[in-house]
Amino acid sequence: PRTIRSKMKLIRQLMKWSLRRRLIHQDPAPGYRLPPMIKTKPEPFTPDELRSILDTAESPFRDVFDFLRLTGLRSDELCWLIKDDVDPTHRFIYVREKKCPLDGNIWKPKHGHERIVPLATEAVAIVERALMSSPGPWLFHAPHSWGKRPGQFKKGPIWKALKGILKEKGITHGNVHTFRHNFCSFLANQNTSPFLVMKYMGHSSLDIVMNYYHAGKEDLIAAMATVQFDKMLGPTQKPAQSPKQKAQ
């Protein structure tokens, strides 16, 4: 349905364009209405799928995928991380506007929303390895890269590497952005405040953040198991004592 809607929308735009320029005299399908837009919520990788992806990925993509999982960064945000964006003392990274140290181009985060992203212990270890192995200004060094910014990862090769693994492992859904969904949904299932998740991910609205909250079957079952339904009936009432019991 989504593909049909996309193609028909293009045709309708072409018809309107032709009418405005009098290339056609009338709309050949004046009563046609586009099918409703269907919004599907992306499905995060399962724990087994995540483990399989990381175990299969080769260097340097293994650390790249793992860092995306542990930070919720967008792929272009990771590509533009430089060593100066790391604060090893306080264990966080900056996602901020910067000038490329190689060609002087300015990069800005999406919507200009700058933020800090705290690093889990596993992410700190990845950063330490990256700092040690990167010969240039980039936090993550891409071997065999070229162009005006040598050593910088590009989104295309990252997706190509992941796509190959997904095909090899028979995983039929997901892309690089799915790691971001996994990060957010995991925090949600750890009872992290939606407000903090919003700050971690660089959104300005809780409504947007809620699109990343996912609850799988196991999450629903585990959450229900902790609910104490006996408290729904209020405090337990002790049976009234008879006069004889009181005397005793």
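This is a predicted model: local features need pLDDT of at least 70, side-chain atom pairs count only at pLDDT 80 or more; totals for chains, interfaces and linings use all residues.

User: How many salt bridges does a search of the whole structure find?

Analyst: The general idea is a distance test: a side-chain nitrogen of Lys or Arg must lie within 4 Å of a carboxyl oxygen of Asp or Glu. In this structure, the search returns 10 salt bridges.

User: Which residue forms a salt bridge with Glu 77?

Analyst: The partner is Arg 115, with the closest N and O atoms 2.9 Å apart. This pair links distant parts of the chain, since Glu 77 belongs to helix H4 and Arg 115 to strand S5, 38 residues apart. Both Glu 77 and Arg 115 are buried.

User: Which side chain meets Asp 85 in a salt bridge at 3.0 Å, N to O?

Analyst: That side chain is Arg 96. Asp 85 lies in the loop between H4 and strand S1, and Arg 96 in the loop between strands S2 and S3, 11 residues apart. Asp 85 also meets Lys 98 in a salt bridge, at 2.4 Å from N to O. Lys 98 is in strand S3, 13 residues from Asp 85.

User: Why do Asp 85 and Lys 98 count as buried?

Analyst: Buried means under 20% relative accessible area. Asp 85 has 1% relative accessibility, so it counts as buried. Lys 98 has 8%, and therefore counts as buried. Arg 96, by contrast, is partly exposed because its relative accessible area is 26%.

User: Which residues do salt bridges that share partners join into one network?

Analyst: Arg 62, Asp 66 and Arg 69 are joined in this way.

Conventions. Residues are numbered from 1 along each chain as its sequence is written. Side-chain values use heavy atoms; hydrogens and water are left out. Helices (H or I, at least four residues) and strands (E, at least two) are DSSP runs, numbered from the N terminus. Buried means under 20% relative accessible area, exposed over 50%, partly exposed in between (1.4 Å probe, protein chains only).
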